[in-house]
Amino acid sequence: MPEPQPAPDSDGGRPRFRRPAPLVFEPSAAAEDREHFFDLESISDPKELLTRSTELAVAFQAAADRAVEYQAMAAAQLADPRRFDRLPDAAIADRAAWTEDYARRMVAFGRQLIEGRVEE
């Protein structure tokens, strides 16, 4: 189960997380053209291209990590035994295209997130 990877803190204390670069939405015409991707193709300086593409990669990874946390919390809510419409792990796995074992781990992770036991 993926969890956000903290950047090491320079003073040896708690890890700190990098803030992702803001995503810039492309005009609809450019989004339809598969050769355009956040205007990266127009950057000719390799240093600038590396910087901007790295910012985008970090932003997308942060978004993916956050989405996984929401998946885990939703799975935990769906598996909550207090719900009259509680879903078994197999049904959650089927709904999310996971294995049943992964669904169990996501439910456990989601419960930790909901209870605030996961440090951010």
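These legends accompany close-up views of a predicted model.

**View 1**
Averaged over the protein, pLDDT comes to 80, and 69% of the residues reach 70 or more. Helix α3 has the highest confidence, with a mean of 96, while helix α1 (residues 28-32) has the lowest, with a mean of 54. Look also at residues 1-17, where the pLDDT is below 50. Beyond near neighbours in sequence, this stretch makes 25 contacts in the model.

**View 1. Helix α4 has a buried side and ends at a glycine with a positive phi**.
The buried residues of α4 are Tyr 102, Ala 103, Met 106, Val 107, Phe 109, Gly 110 and Leu 113. Helices α2 and α3 are among the elements that cover them. You can check the length of α4 yourself: at 1.5 Å a residue, its 16 residues should span 22 Å, and its end C-alpha atoms are 23 Å apart, which agrees. After α4 comes Gly 116, whose phi is positive, near 75°.

**View 2. Asp 89 is a buried charged residue without a salt bridge**.
Asp 89 belongs to helix α3. Its nearest side chain of opposite charge is that of Arg 104, 4.3 Å away. Leaving aside neighbours within four places in sequence, Asp 89 is in contact with Glu 100, Ala 103, Arg 104 and Val 107. On the same terms, Ala 103 is in contact with Asp 89, Ile 92, Ala 93 and Trp 98.

**View 3. Asp 39 and Ala 97 have positive phi values, and neither is a glycine**.
Most residues other than glycine have a negative phi. Asp 39, in the loop between α1 and α2, has a phi near 65°. Ala 97, in the loop between α3 and α4, has a phi of about 60°. Are these residues buried or exposed? Asp 39 is partly exposed, with a relative accessible area of 46%, and Ala 97 is exposed, with 71%.

Definitions and conventions
Residues are numbered from 1 along each chain as its sequence is written. Side-chain values use heavy atoms; hydrogens and water are left out. Contact means heavy atoms within 4.5 Å. pLDDT is the predictor's confidence in each residue, from 0 to 100. Helices (H or I, at least four residues) and strands (E, at least two) are DSSP runs, numbered from the N terminus. The expected span of a helix is 1.5 Å times one less than its number of residues. Buried means under 20% relative accessible area, exposed over 50%, partly exposed in between (1.4 Å probe, protein chains only). Lys and Arg count as positive and Asp and Glu as negative; His and the chain ends are not counted. A salt bridge is a side-chain nitrogen of Lys or Arg within 4 Å of a carboxyl oxygen of Asp or Glu.
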